[in-house]
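Subject: Structure handover

Hello,

The structure is below, followed by notes on what was found in it. Please read the notes with the model open.

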Amino acid sequence: MASLPEDADVSVINATNALNSEAVQYSHTGEITHEKLRSLLGTEKSLTREDKKTLAEDWHRLVAEQGMLRIMENGKVQTVPEDTFDRSIIDAALELGAYKGKFLKSARIIGQVIGYAEQRVSDFFYRIPGQTTDKAGSVRL
């Protein structure tokens, strides 16, 4: 929005809200097939000048914060500390049995965290706090 002219016509569809039901709950658009997304064509909502201004201001705020990690919180994108998910990573490792010197594959721990996370964060971001790893990429807390 910050780069578009003020008079640009912009329309949006909240695909997850439009398609979520009691039977299926999508957490992000990447989970939705293109056929289902295609079914939403024609349901888009045009943004008002005020909507576009708010989005542009939000973009400028995020750029100024220069954060490494952002999550959706209370319906708004927020910059959070990089250690925000450390507790859930440690909890997942312990739940999977990484204690008393037992090594676990780090990919298994991160997969557990991603699978149960409310937020979609790339596996590229996750790191194992206080980790000791062996040559095979296993982790011991």
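Two strands count as paired if DSSP finds at least two bridges between them; helices (H or I, at least four residues) and strands (E, at least two) are DSSP runs, numbered from the N terminus. This is a predicted model, in which local features need pLDDT of at least 70 and side-chain atom pairs count only at pLDDT 80 or more, while totals for chains, interfaces and linings use all residues. Residues are numbered from 1 along each chain as its sequence is written, and side-chain values use heavy atoms, without hydrogens and water.

Strand 3 and strand 4 (residues 76-80) run antiparallel and are joined by five bridges. Leu69 has Val80 of strand 4 as its bridge partner. Two residues lie between the strands of this hairpin, where Asn74 takes a positive phi near 55°.

Leu69 and Val80 also belong to the largest nonpolar core, which has twelve residues. Such a core is a set of buried Ala, Val, Leu, Ile, Met, Phe, Trp, Tyr and Cys residues joined through side-chain atoms within 4.5 Å; buried means under 20% relative accessible area, exposed over 50%, partly exposed in between (1.4 Å probe, protein chains only). Strand 3 (69-73), helix 4 (86-95) and helix 5 (106-116) each supply at least two of its residues. Another core, of five residues, lies apart from it and includes Ala15 and Leu40.

Gln78 is in strand 4 and is partly exposed, at 24% relative accessible area.

On confidence (pLDDT, the predictor's score for each residue, from 0 to 100), the chain averages 83.

Regards
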